[in-house]
Amino acid sequence: SGRYRQCGLHPVRQAVRRLSGERTDLEETYYEEFMELFMEELMDFLKTPAVISLEPVEKSAFSKMGKTHAASQRLTGDLSIVTGIIGRDSYFLELAKRYAQEEMDDIDDLAVDSIEEFLNVLNGGYMVRLAKRDLETDLETPRWGRNVVPHGSRQLAMRICVDFGSFYAVLATDEFI
């Protein structure tokens with residue numbers, strides 16, 4: 001991504017801006033910054049490219065996916081933002097296996113804990129970035145759910161395409177699980 005920055009291009013930020021309907025409210029800036037970190041961390045642990053689909057995500061996409069799992073975590077304080085992942089069970093499990101670097105046969109406590117830990121590490125890194133701008137935030141305990149249709153305020157859902165399929169990153173200003 002260093003090469004993109006040299007060219008003055010920020011593909012992640014441009015994707016977020018496009019998918020949020022060119023909104024220019026405060027959240028969008030934070031969503032862009034969070035997603036840049038999210039994509040970097042994701043590619044680090046997956047060891048594979050990941051891209052944000054530029055197709056807008058319809059609410060019906062979540063009910064059409066079949067069995068899904070979701071995990072989210074809320075940052076509170078000077079900024080209130082909830083970050084999360086929703087995926088078809090097989091893709092959620094694959095993410096968990098790759099993050100934990102362990103074999104798992106089904107979505108059990110270890111699988112859910114792995115995704116929650118990924119969010120925790122990611123949001124911890126994000127809090128450090130926010131603190132550099134004098135924004136104080138705290139992390140709440142991650143949450144998880146099955147077959148969630150996210151319904152957060154100022155919600156932005158993005159389809160993330162990876163080598164084994166796709167899943168959704170969801171951002172909102174309040175809890176969506």
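**Reading the core and the fold**

Reply: Begin with one residue and its contacts; keep in mind that the model is predicted. Leaving aside neighbours within four places in sequence, Leu42 touches Lys47, Ala50, Leu95, Phe118, Ile160, Val162 and Phe167.

Me: What is the general idea behind a nonpolar core, and which residues have the most contacts inside the largest one here?

Reply: Nonpolar side chains in soluble globular proteins tend to be buried together. In this model the largest nonpolar core has 43 residues, and Met35, Phe38, Leu42 and Ile160 have the most contacts inside it.

Me: Which elements each supply at least two residues of this core?

Reply: The helices are α2 (11–19), α3 (26–46), α5 and α6, and the strands are β2 (68–77), β3 (81–88), β6 and β7 (165–172). The most comes from α3, with 10 residues.

Me: How many residues are in the second core?

Reply: That core is separate and has 12 residues, including Ala61, Val82, Ile86 and Ala157.

Me: How do I read the fold as a whole, and how many helices and strands are there?

Reply: Count the elements, then follow their order. The protein has 6 helices and 7 strands, in the order α-α-α-β-α-β-β-α-α-β-β-β-β along the sequence. Its radius of gyration is 15 Å, close to the 16 Å given by the globule rule for 177 residues, so the protein is as compact as a globular protein of that length.

Me: What does the surface look like in terms of atoms and charge?

Reply: The accessible surface comes to about 8,900 Å², and carbon and sulfur atoms account for 46% of this area. There are 21 positive and 31 negative side chains, and the centres of the two sets lie 6 Å apart.

Me: Where is Arg154, and is its side exposed, partly exposed or buried?

Reply: Arg154 lies in the loop between β5 (143–146) and β6 (156–162). Arg154 also has a positive phi, about 50°, without being a glycine. With 41% relative accessibility, Arg154 counts as partly exposed.

Methods: Residues are numbered from 1 along each chain as its sequence is written. This is a predicted model: local features need pLDDT of at least 70, side-chain atom pairs count only at pLDDT 80 or more; totals for chains, interfaces and linings use all residues. Side-chain values use heavy atoms; hydrogens and water are left out. Helices (H or I, at least four residues) and strands (E, at least two) are DSSP runs, numbered from the N terminus. The radius of gyration is taken over C-alpha atoms; the globule rule is 2.2 Å times the number of residues to the power 0.38. Accessible areas come from the Shrake-Rupley method with a 1.4 Å probe; for residues, only the protein chains shown count as cover. Lys and Arg count as positive and Asp and Glu as negative; His and the chain ends are not counted. The place of a charge is taken as NZ of Lys, CZ of Arg, CG of Asp or CD of Glu. Buried means under 20% relative accessible area, exposed over 50%, partly exposed in between (1.4 Å probe, protein chains only). A nonpolar core is a set of buried Ala, Val, Leu, Ile, Met, Phe, Trp, Tyr and Cys residues joined through side-chain atoms within 4.5 Å. Contact means heavy atoms within 4.5 Å.
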